[in-house]
Amino acid sequence: MEKKILDKEIVPLIYTIHGNLPIADLEYSCAWHIGEEEVGFMETYTLNGEIVKQSVHINKLKGAEMGAEQVQFGG
Amino acid sequence: MANTQAVCNSFKTDLFNGLHAFGASVIRAATTKDSFKAALYLASATINKATTAYSVTGEVSGTNYTAGGVAITNANAPANTADVTYWTPSASFAWTTVTLATAFDCCLIYNFTAAGVNSVASYTFSSQTVTAGNFTLTMPTNDQTTGLLRLT
C-alpha cells in the first residue's frame, strides 16, 4: 500500500560540502559588490559559522579595448 | 571628395576573422570559426598582456573544475560600429557545483582550435572563492563601447 507523502514531511535539502543538508538548518546571507567594471553577487550558506556553500555571479560591464594606431608618413 | 588616412574598418573586422597575415601564419583546415575556451586563474598567478598561450600554471583547481576551463558559446559574428570592431561571447561562462578554495581573480580566453592554444585576452575581477556552488561570469553588452573584445 502506497503511503501518501504530506507536504509537512518534505524536507528541502541543498547540496553543500557536507553533502545534502536541510536548508532550514543553514544560515543564508548575500552580498553585492558594485564596481565600475563589474557587478558581483555572492550568496553564502553557513552551518555553525562554517561556510558550506558559496556561489558567486559576476557581471562584467565592460570588455578590453585595443587600438589600431595610425602613423603619418614622414611624421 | 578628399582622401583620408585610416585603418580600414573592414580590415579590423577581417583581423577578427583571420583574413590577413603580415607574418608567418598557419594553415587553416577550414573556413569555419575557431573554438575558444575560458580558464580561471588564481590571484597569485601572472596572467597579463604578455601571456601567449593557455597554460595550467596558475590555473585554479578544485572539485568539478576541469583544467582548460569551459567552452565559449560563440553565436556573435564580429561587427563594426562607429569605427570599432567588437565581439562578445553569446553566453555567460558558467562553472557549476565547483569548489575553488584558493582565491582567483582572472579569466583567460584562448583559442582552443589553434595548435598553440594561443591566448586572446585576460579579464580580471574582484578576488573570489567558491564552495560547492556556482561561479558565473556574465558578458557585457555586445556593442562598440562595452563588447568583451574591441579594436578601435
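User: Which residue is the bridge partner of Glu65(A) in E7(B)?

Analyst: This is a predicted model. Strand E6 of chain A, residues 64-66, pairs with E7(B) in the parallel sense, over 3 bridges. Within that pairing Met66(A) stands opposite Leu151(B). For Glu65(A), the bridge partner in E7(B) is Arg150(B).

User: In what order do the strands of the open sheet that includes E6(A) run?

Analyst: The sheet is open, has 4 strands and shows mixed pairing. From one strand to the next the twist averages 25°. The order is E6(A)-E7(B)-E4(B)-E3(B).

User: Why is one side of E6 of chain A left without a neighbour in the sheet?

Analyst: E6 of chain A stands at an edge of the sheet, as does strand E3 (79-81) of chain B. One side of each is left without a neighbour because each has a single partner strand.

User: Which helix packs on this sheet?

Analyst: The helix touches E3, strand E4 (84-87) and E7 of chain B. Its direction makes about 25° with that of E4(B). It is helix H1 (residues 9-16) of chain B.

User: Which element gives the most to the side of chain B that touches chain A?

Analyst: In the contact between the chains, 31 residues of chain B meet 27 residues of chain A. Strands E5 (93-111), E6 (119-138) and E7 (149-151) of chain B each give two or more residues to that side. By class, the side has 14 nonpolar, 15 polar and 2 charged residues. The element that gives the most, with 15 residues, is E6(B).

Methods. Residues are numbered from 1 along each chain as its sequence is written. Chains are lettered from A and ligands numbered from 1 in the order in which they are written. This is a predicted model: local features need pLDDT of at least 70, side-chain atom pairs count only at pLDDT 80 or more; totals for chains, interfaces and linings use all residues. Two residues are in contact if their C-beta atoms, placed from the backbone, lie within 7 Å. Ala, Val, Leu, Ile, Met, Phe, Trp, Tyr, Cys and Pro count as nonpolar, Asp, Glu, Lys and Arg as charged, and the others, Gly among them, as polar. Two strands pair if DSSP finds at least two bridges between them. Axes are lines fitted to C-alpha atoms, for helices over the stretch in contact, and angles run from 0 to 180 degrees between N-to-C directions.
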